[in-house]
Amino acid sequence: MTCAAVPSESVAARCGHLLRILATDHARPLLAYVERILGDRHMAEDIVQETLIRAWHHSDRLCTNDGSVRGWLLTVARNLAIDRIRSAYSRHESPGTDHPGTLQNDHADPVATSVDTMALLRHLSPEHQEVLVHTYLHDRTVQETARILGIPPGTVKSRQHYALRQLRHRIHTRMTAETAAT
């Protein structure tokens, strides 16, 4: 697209209609492009509007340039979208979080950790497992655990100590084997 619709018109007159032409010819593809980048239609609409305003401000450059107008618009829109993402990141936000539930956090790490934890707990005796479940998973004190299990608090402390010691040893052995394998 060029602004040279009528050669006898001045550059200013030719570019006077630029914003309307740009919106008609390029707004829909720009919106689709920016929405794919951001994943948020409302934010993409803001970016497209800002892109068209910048095009209007630089109409003299667009009308005299032999390059692609759409290429220029897509570049400006992409840069504005990246700036929006970076500014949201610096504020510890995520684009598109105005609608809770649309973006879900990755929960792979907690799931993997719980699988590893369960595998490690299976190597402990039932008594040691029971103490760790009460003290760590149910967040109970030594006295509460002792009362629930019907054993002295000293026994709870002893079982907890030896269970943790065994778990540390297993983790250390596993990490040593993984390091040696790589």
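Which residue forms a salt bridge with E50, and how many Å apart are the closest N and O atoms?

Analyst: E50 pairs with R54, and their closest N and O atoms are 3.0 Å apart. A salt bridge here is a side-chain nitrogen of Lys or Arg within 4 Å of a carboxyl oxygen of Asp or Glu. Some ground rules come before the rest. This is a predicted model, where local features need pLDDT of at least 70, side-chain atom pairs count only at pLDDT 80 or more, and totals for chains, interfaces and linings use all residues. Residues are numbered from 1 along each chain as its sequence is written, and side-chain values use heavy atoms, with hydrogens and water left out.

Both E50 and R54 sit in helix α3, four residues apart, about one turn of the helix. Helices are DSSP runs (H or I, at least four residues), numbered from the N terminus. E50 is partly exposed, at 30% relative accessible area. R54 is partly exposed as well, at 34%. The classes are: buried, under 20% relative accessible area; exposed, over 50%; partly exposed, in between (1.4 Å probe, protein chains only).

By this rule the count is three salt bridges. Shared partners join E35, R41 and E45 into one network. R41 meets the side chain of E35 at 3.1 Å, N to O. R41 also bridges to E45, with the closest N and O atoms 3.5 Å apart. R41 and E45 both belong to α3, which spans residues 41–57. They are four residues apart, about one turn of the helix.

E45 is partly exposed at 35%. E35 is partly exposed at 26%. Side chains of opposite charge can pair when their charged atoms come close.

Now the helix before α3. Helix α2 covers residues 18–38 and has a kink of about 55° at H26, shortly before the proline P29. That bend is the angle between axes fitted to the seven residues ending at a residue and the seven starting there. H26 is itself buried. Other buried residues of α2 include L18, L22, A27 and L30. Further along, L31, V34 and L38 are buried too. Just after α2, G39 takes a positive phi of about 75°.

Definitions and conventions. Helices (H or I, at least four residues) and strands (E, at least two) are DSSP runs, numbered from the N terminus.
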